[in-house]
Amino acid sequence: MTKKSAIRQVHQHVGETVTIGAWINNKRSSGKIQFLQLRDGTGYIQGVVVKSEVSEQIWNDAKSLTQESSLYVTGVIREEPRSQSGYEMTVTNIEVIHLTENYPITPKEHGVDFLMDHRHLWLRSQKQRAVMVIRAEIIRAVQEYFDTNGFTLVDPPILTPTSAEGTTNLFHTKYFDEDAYLTQSGQLYMEAAAMALGKVYSFGPTFRAEKSKTRRHLIEFWMIEPEMAFTDHEESLIVQEQFISHVVQSVLKNCRMELEAVGRDISKLENIQAPFPRISYDEAISFLQSEGHEISWGEDFGAPHETAIAEKYEKPVFITHYPAEIKSFYMKPDPNRPDVVLCADMIAPEGYGEIIGGSQRIDDPKLLEERFAEHGLSMETYQWYMDLRTYGTVPHSGFGLGLERTVAWICGLDHVRETIPFPRTLYRLYP
Ligand code: 4AD
Ligand code: MG
């Protein structure tokens, strides 16, 4: 049997005969030549079948191939500057594995619901594949940043007895005789880990039973959550902007073809280099009011507000120092102005919304106890979290990056449903 090659490796086999396991993406014929558009998941290549150079059997096999039929195709790899991949295969043999009939996703336009019902097949399309490759590169670059900057990867639990981000959108389940919830955020556990390991990060799924049907909300999404002991709010912002710059620059370097396949304007991403602009919540409110938005101090921002603010900048922007009352119980008040907290949301450019939420955490045990009472949270279930303040409390900060919103921004997608292989949205659990 001849040597096997993945399509992305064909450049190593110019002039050689190799076999590729592939699917038919598309096919053209000009009477005496058939052009097979082949895909194997790693890339795309054209296979050229010349009638006068193959047996009648092979010619007819080639003719029988339909969209998404699977086959082993053998041939000689040639350089072909006119083709998109730079290479072509002159086909010498075809072994049909399966002839597909009536593949539902044809090259014509389909509606979103139809595509979502066929998500398991839609993933094979060029654009969807490119998004998955970019998502994987983002995850790789995230881990590279933290692994090379002194952070240790720690996995928080998924089944939890308490809430981390408010009690209104918890997914409830039974844990034998007890009540349990799917995690909304690993943060509280990451704070414990930071006290044990210094600088830590997690990467895992999180769940929010949010009844919001927007372009930015998923029920199940993946979060990266770093937590740093002996680190204040300002120092955390510096980590955040360096981290995001690293991720964007890595995608630019390693995913050129995929960015092209999703039609991304690359010049916009090239701008993404630290430092990022910062404005306070107060300044953001004044700006929005001056632009005619009806919003007053103490209200949270909605998508149109975030977009209006982001439009002023070419880079992500930090909005800092939100009112304590609209943020989570664990955020540390600004010592100079206790009605606001030491926090920041990072808003992506071009209207992609909040990608990071972060803050310095309350380190004073008394204040934390007060907050539990104010928020009606039972001290019993959070006793372990209090212990982190009782035994050697330190200033510490952390943040959470939403992976899917980051993918949407970097790929320029207008909805998060295309950023994850099998999205869980308000009305969709299938496939
Ligand atoms: O701002 P959030 O709620 O912050 C936390 O959960 C903190 N405990 C993180 C921390 O400090 N360790 O969520 C963080 C990010 C958001 O900025 C957003 O990017 C993403 O998670 N996110 C969602 N993404 C998709 N669908 C949803 N329903 C999301 N909710 C939050
Ligand atoms: Mg948030």
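Select helix H5 and its surroundings: the buried residues of H5 pack against strand E11 (199-207), strand E12 (220-229), helix H12 (383-390) and strand E19 (396-402). This is a predicted model: local features need pLDDT of at least 70, side-chain atom pairs count only at pLDDT 80 or more, and totals for chains, interfaces and linings use all residues. Residues are numbered from 1 along each chain as its sequence is written, with chains lettered from A and ligands numbered from 1 in the order in which they are written.

Stay on H5, residues 187-197. Gln187, Leu188, Tyr189, Met190, Glu191, Ala193 and Ala194 are buried there (20 or more other C-beta atoms within 10 Å of a residue's own, C-beta atoms being placed from the backbone). Step to Gly198, which follows H5 and has a positive phi, near 90 degrees.

Now show ligand 1. Of the 23 residues around it, Ser185, Gln187, Gly357, Gly400 and Gly402 come nearest (a residue is near if its C-beta atom, placed from the backbone, lies within 6 Å). Colour strand E18 (353-360). E18 gives the largest share of this shell, 5 residues. E12, E19 and helix H13 (403-411) each supply at least two.

Next, select Ile134, Ile138, Val247 and Ile319. In the largest nonpolar core, of 76 residues, these touch the most other members (a core joins buried Ala, Val, Leu, Ile, Met, Phe, Trp, Tyr and Cys through C-beta atoms within 7 Å). Helix H4 (126-147) gives the most to this core, 9 residues.

Finish with Leu38, Val54, Leu65 and Leu71. They are among the 22 residues of another core, apart from the largest one.

Key. Buried ≥ 20, exposed ≤ 12 C-beta atoms within 10 Å, placed from the backbone. Helix = DSSP H or I, 4+ residues; strand = E, 2+ residues; numbered from the N terminus. Contact = placed C-beta atoms within 7 Å.
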